[in-house]
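I opened this notebook to record what I looked up, chain by chain. The structure goes in first, and my entries follow.

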Amino acid sequence: MHGLINRAIQSFFCTTYGTDRWQRVTEAAGLEFCEYEAMLIYDEEQSFGMLDAMAAELDRPLDEVLEDIGTFLVSNPQVESLRRLLRFGGVTYVEFLHSLDDLPDRTRLAVSDLHLPALELREHAAGQFSLTCHPGLPGLGSVLVGLLRAMADDYGALVMLDRQGGGNGNGRDVISITLVETAYAEGRSFDLGARAG
Amino acid sequence: MIDRDQLADTLELMCPMFVLLDPTGHIVRVGPTLQKLRPDMQMAGERFLELFELTRPRAVANLTGLLANAGTKLHLQFRDEPRTSLKGVIVPVPDGTGAIVNLSFGISVLDAVRDYALTSADFSATDLTIELLYLVEAKSAAMEASRKLNLRLQGAMIAAEEQAFTDTLTGLKNRRAMDHVLARMVASPVPFALMNLDLDFFKAVNDTMGHAAGDHVLQQAARIMVEETRDEDMVARVGGDEFVLVFNRLLDRKKLARIARRMIDRLEEPIQIEGQTCQISASIGTVFSNQSATGDPAELLHKADIALYKSKRAGRACHTFYSSDLTDSSQEPVPSSSMPPETSARAAY
């Protein structure tokens, strides 16, 4: 798994639960290091072992922890650059949702060896969407739920999210998105010219 | 035929930085994004070339001159501050009622977006500027991650080098290790002897036979020193051809003189390298820990140096014990005329 993903997980955990507990996670997972390097590639199995150890350490279901990671990615100032990159997807939440189709390509433009599974947004009715997350990175669906929720806050939109089809065997995750209101709250500003530090 | 207003309405959507000119080169209308760059300026009615300076091609004074460059890339900039540079293209309006200039930022777009607080609404839907900005940010973030990795690796490398106590070429202790050992030993009551050993004529080997040969000689010399000393003694390479040996609890002058002699004899044995013979020698100076007045390692090393230079002045290939009546000549050059017993110049052939 790409170091950027591992690094993001590490920074989520350390920020939320502290480095002492992170140390315990790395030990439980049998890692011989406690710092992931963002630009290196790590063994898949080892990374999933780390996630399991994390869920065990927190005594919470992994899906829940993954959702928290998705929220962290958008809302924490440490990873402001990621929020900005996502905001480039569109001026409104709906535009942003549509831009998710391009997310794997956009990601590859930035980091050529970071491959994300295909994402597919369908609009079923006004304000009714479903996002299909194709197989390739188990757990991404849960992360996306957290991320979509936090991005809705970011745009000031009110949405209801429901994750269906997790573990239905074909490895696909489908998230249904109901947009209740596009301008529910103020949202956070996005200044095109302000480069994240 | 559509009229000028309809044309301008269309242009607003497709090229938000357009300028519509009348036949005299005066501005009729400008696109909303261009207007955003000069919010307080009434652009309509101004002469185009008085607002914008044409930097390439130069020496264009009027609309006719501009239209002579129709379809080619124009380089322009505002005449007032901030003198944002722009790219543009001009085309005549078909029925001769003027011309349309379409402008864009070119590479200055990054600064422009910041300076003028532009948003994605200021660019036409097909404009790739937003993608460009995305890419710039994404690449900067990725570069930053790479840069941090490099810094961490560099830090780790420096730390590892600093912590290293071994001279990688010879496997002996390095200067850093020697500093540690000496600091510990002068602080303990255990007496010891300290030898400074310089290889003589080593530079000649390096110069005439190359560094690989030099390295080989150093490794041979290191092996001899290790073999001629006990396990509890310390042998360190502290410079290119400088070594320090510390003999724990060994204050017997006869024994030390014997060890020194044996080392010199063995070091003088010719060494074969790729069919060539080279020969070096060594000069040694020895001091005892109880000859230090201050208990400072630097003082001991200096006194061993004084003895070493006495050996060098005595014609090299010999060993001297430090005594207080030796004069300090360690800073003065040693005559370099002396040659090894079997002159090493031969090694060059």
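Entry 1, the chains. I counted eight helices and four strands in chain A, where helices (H or I, at least four residues) and strands (E, at least two) are DSSP runs numbered from the N terminus. Along the sequence, I read the pattern of chain A as α-α-α-α-α-α-α-β-β-α-β-β. The model is predicted, with local features needing pLDDT of at least 70 and side-chain atom pairs pLDDT 80 or more, while totals for chains, interfaces and linings use all residues. Residues are numbered from 1 along each chain as its sequence is written, chains are lettered from A and ligands numbered from 1 in the order in which they are written, and side-chain values use heavy atoms, with hydrogens and water left out.

I looked up how much of each chain is buried (under 20% relative accessible area, with exposed over 50% and partly exposed in between, using a 1.4 Å probe and protein chains only). Of the 197 residues in chain A, 47% are buried, and for the 349 residues of chain B the share is 45%. I then turned to contacts, which are heavy atoms within 4.5 Å. In chain A, taking contacts between residues at least 6 apart in sequence, 61% join residues at least 24 apart. In chain B, residues 24 or more positions apart make 55% of the contacts with a separation of 6 or more.

How do the axes of α4 and α8 of chain A cross? I found that the axes of α4 (residues 62–75) and α8 (residues 140–155) come within 6 Å and cross at roughly 35 degrees, the axes being lines fitted to C-alpha atoms over the stretch in contact, with angles from 0 to 180 degrees between N-to-C directions. The crossing of α4(A) and α8(A) is right-handed, that is, the near helix is turned clockwise from the far one by less than a right angle. On the α4(A) side the contact includes A:Leu66, A:Gly70 and A:Val74, and on the α8(A) side it includes A:Val143, A:Gly146 and A:Ala150. By class, I noted eight nonpolar, four polar and four charged residues in this contact; Ala, Val, Leu, Ile, Met, Phe, Trp, Tyr, Cys and Pro count as nonpolar, Asp, Glu, Lys and Arg as charged, and the others, Gly among them, as polar.

I looked up A:Cys14, which lies in helix α1 (residues 3–17) and is buried, at 18% relative accessible area. Beyond its neighbours within four places in sequence, A:Cys14 is in contact with A:Thr19 and A:Trp22. My search of the whole structure gave zero disulfides over all chains. I also looked at A:Ser99 in helix α6 (residues 93–99), which is buried at 11% relative accessibility. A polar atom of the A:Ser99 side chain lies 2.6 Å from the backbone oxygen of A:Phe96.

Most residues other than glycine have a negative phi, and most peptide bonds are trans. I noted a cis peptide bond between B:Arg56 and B:Pro57, with omega about -10 degrees, and B:Pro57 sits in the loop between β3 (52–56) and α4 (63–67). Another cis peptide bond joins B:Glu81 and B:Pro82, again with omega about -10 degrees, and B:Pro82 is in the loop between β4 (74–78) and β5 (85–92). B:Arg249, which is not a glycine, has a positive phi near 55 degrees; it lies in the loop between β9 (242–248) and α10 (253–268) and is exposed, at 62% relative accessible area. B:Ala317 also has a positive phi, of about 55 degrees, but this residue counts as buried, at 19%.

I found B:Glu228 in the loop between α9 (211–227) and β8 (234–237), buried at 12% relative accessible area.

Key:
Polar contact = N/O pair within 3.5 Å; in protein donor to acceptor, adjacent residues only side chain to side chain. Disulfide = S-S within 2.5 Å.
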